[in-house]
Amino acid sequence: MYSVNGILGCLVSILILVVIFAIIKEFWWLIVGIIIICIVAYYAKLIYETVQNKNVEKEVNYKPEMGEVYKVCPFCNTKVKVTETTCPNCKRALN
C-alpha cells in the first residue's frame, strides 16, 4: 500500500519542520531584532538623504546677506560664497 520512500520522505520533511520551528522558538528574539534593525536602517537612510538634499538645496539657492561678498560661477552663473572652491550647482572647480 504505502511505499517506504514516500513514508521516509514525509518523515524527513516533518523532522526538518520540527527543527526549523525549534530554532525559531529558541531564537525568536534574534529574528525580531534583525527585523527591527532593518526597519531602523531604512528610515535612518531616508532621514539622512532628506538632510543631505536640504543642505545641497540650501547651497544651490544661496542668497548672500547684505554686505556679504560672493562670486559668480563662470559656468552656470550661480552666486557662490567666496570661500567655496567648487560650485554647489554644477560641481565644477572655481578659479
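**Backbone, cysteine and surface features of the predicted model**

N77 is placed in the loop between β1 (70–72) and β2 (79–81), where strands are DSSP runs of E of at least two residues and helices are runs of H or I of at least four residues, both numbered from the N terminus. The structure is a predicted model, in which local features need pLDDT of at least 70 and side-chain atom pairs count only at pLDDT 80 or more, while totals for chains, interfaces and linings use all residues. Residues are numbered from 1 along each chain as its sequence is written, and side-chain values use heavy atoms, with hydrogens and water left out.

Most residues other than glycine have a negative phi. For N77, however, phi is positive, near 60°. N77 counts as exposed because its relative accessibility is 61%; the classes are buried (under 20% relative accessible area), exposed (over 50%) and partly exposed (in between), with a 1.4 Å probe and protein chains only. A positive phi, near 65°, also occurs at K91, which is placed in the segment after β2. With a relative accessibility of 55%, K91 is likewise classed as exposed.

A disulfide is a covalent bond between the sulfur atoms of two cysteines. Under the criterion of a pair of cysteine sulfur atoms within 2.5 Å, the count is zero. The cysteine sulfur closest to that of C90 belongs to C87, at 3.7 Å, and is therefore too far for a bond. C90 is partly exposed, with a relative accessible area of 26%. C10 is also partly exposed, at 42%.

Aromatic pairs were assigned to rings of Phe, Tyr and Trp (its six-membered ring) with centres within 6.5 Å, planes under 30 degrees apart being stacked, over 60 edge-to-face and the rest tilted. The count comes to two such pairs. In one of them, the ring centres of Y42 and Y43 are 5.2 Å apart and the planes lie at 75°, so the arrangement is edge-to-face. Y42 is partly exposed, at 49% relative accessibility.

Y42 and Y43 also belong to a nonpolar patch on the surface, whose members include V12, I16, F21, I24 and L46 and which has about 1,100 Å² of accessible area together. The elements giving two or more residues to this patch are α1 (4–26) and α2 (28–60). I24 lies in helix α1 and is partly exposed, at 40% relative accessibility.

Note on methods:
Patches are made of residues with over 30% relative accessible area and no salt bridge: like charges are joined within 9 Å, nonpolar side chains (Val, Leu, Ile, Met, Phe, Trp, Tyr) within 5 Å. Accessible areas come from the Shrake-Rupley method with a 1.4 Å probe; for residues, only the protein chains shown count as cover. A salt bridge is a side-chain nitrogen of Lys or Arg within 4 Å of a carboxyl oxygen of Asp or Glu.
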